[in-house]
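Here is a short report on charged pairs and backbone turns. Look at the structure first, then read on.

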Amino acid sequence: MNVKAVLLIIFIVILVIVGLLRLISIFSEKIAFYSYGRENGFRFSETGIIWKTVKKLGILDPLSLYESIPTLNRVIAMVLSELRREGASATGGQVLVSKLNKLRTKVALEGDENSRIQTTAALESGQRLSVIFPGRGVYSSIVLNNGRRIEIELPKKILRVGSSSKSEILPPNQWKGKTVTVYMWRKGDACYAFDTTVDDSGSFEGKPCIMLNHTGKLDRIQKRQAVRCSCSIDAFLFLIKSSDIDYSKVDPEADGAKCVLEDVSESGALICLPGKAKSNMRIKIQFAIGSTTIMMFGIVRSVEFNKEKNESKLHFECTYIDDDMRNTLLNYIYNRLSLGDTAGTVKEEKKDAELEADANLLDEISSAAELAEKTEAVQRNKAGGLDL
């Protein structure tokens with residue numbers, strides 16, 4: 001082979017390489033977009049639909065879809081609009097919306113990770129605590145001050161004898177030197193547990209206290225799996241009495257009990273109901289979002305009864321909801337959140353009551369084993385976006 005032929009081959013190879021590099025450069029964003037799509041469970045054809053939607057919307061950074069709630073909101077709204085325009089409740093279209101909603105929830109919950117704490121130095125004054133005293137059970141306390149050490153109110157335990165109750169408070173010297181386990185529900189975050197030692201005792205602003213050593217070893221017990229929002233939705237509650245459930249049947253409103261949903265997620269709701277209700281009831285809640293009837297089936301995990309108002313707050317865990325209804329509900333939730341709520345939270349005016357409920361719940365626990373068992377139950381409820 002002569003020199004000219006060799007040079008020609010080399011020249012052609014260089015042109016091919018340059019062409020490929022140019023193509024890769026031109027399509028690198030699209031390649032990355034499809035790659036992220038596959039990682040998030042979208043089929044090639046589904047990612048193609050999303051790519052075209054992103055382009056139609058004029059979104060300058062298509063990759064923002066995988067980390068931006070506002071971008072996802074716009075894309076989902078257009079996909080739904082296209083489905084309505086085509087007059088299709090097509091299974092494929094609804095499956096795509098379901099996957100987009102799953103991604104939207106993932107992005108929202110990953111944002112919650114930014115609020116987690118790594119050390120007890122981040123604890124704030126007023127934080128409620130449950131402290132396990134070895135061999136004596138669980139005591140409740142509150143952080144008074146956090147500096148070189150964590151100064152907490154002298155822990156107390158509520159002892160119930162029949163219909164009456166009294167507080168058990170151990171002398172400070174019985175705490176000193178003990179290794180204790182501390183549980184806490186952190187507002188807007190999760191449940192944490194850590195082991196520490198009681199370094200000393202004293203007083204803070206005239207209140208007797210014990211002083212805990214700091215630690216950076218915190219276990220985050222729970223992570224929510226659903227995004228919820230505060231609301232005020234009129235609904236109807238139906239008791240489920242049969243094991244054979246028709247999940248598609250819309251019941252007459254007259255057969256149900258009127259109630260109000262105060263917050264809602266795809267995995268549960270906080271329901272306000274007149275009268276005294278019971279936990280562990282199997283129920284269905286039925287309500288409307290626009291022209292769509294939503295039906296959620298599940299179980300009442302816990303109940304708070306207000307004797308003065310004669311009303312119950314039901315913490316409801318949803319075990320079944322139709323996919324199309326879930327998509328409608330999620331769009332309602334994210335639309336509300338985009339108007340001012342923060343993902344996974346409810347309005348601040350409800351927080352004091354909820355935190356009080358947390359404290360009362362833990363006050364009733366008399367052993368570490370019971371606390372662990374209750375924590376698992378609470379974790380299941382929290383996974384649905386519920387607060388006990």
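This is a predicted model: local features need pLDDT of at least 70, side-chain atom pairs count only at pLDDT 80 or more; totals for chains, interfaces and linings use all residues.

The side chain of E317 meets that of R301 in a salt bridge, at 2.4 Å from N to O. R301 sits in strand β14 and E317 in strand β15, so the pair ties together parts 16 residues apart in sequence. R301 is partly exposed, with a relative accessible area of 29%.

A search of the whole structure finds twelve salt bridges. One of them joins the side chains of E46 and K99, at 2.9 Å from N to O. E46 lies in helix α2 and K99 in helix α4, so this pair ties together parts 53 residues apart in sequence. E46 is buried at 4% relative accessibility. K99 is partly exposed at 23%.

R326 and D323 also form a salt bridge, at 2.8 Å. Both lie in helix α6, three residues apart, or about one turn of the helix. R326 is partly exposed at 22%, and D323 is partly exposed at 44%. Elsewhere, salt bridges that share partners join R43, E46 and K99 into one network.

Most residues other than glycine have a negative phi. N280 has a positive phi of about 65 degrees. It lies in the loop between β12 and β13. N280 is exposed, with a relative accessible area of 52%.

N310 has a positive phi too, of about 55 degrees. Its loop runs between β14 and β15. N310 is partly exposed, at 43%.

Methods:
Residues are numbered from 1 along each chain as its sequence is written. Side-chain values use heavy atoms; hydrogens and water are left out. Helices (H or I, at least four residues) and strands (E, at least two) are DSSP runs, numbered from the N terminus. Buried means under 20% relative accessible area, exposed over 50%, partly exposed in between (1.4 Å probe, protein chains only). A salt bridge is a side-chain nitrogen of Lys or Arg within 4 Å of a carboxyl oxygen of Asp or Glu.
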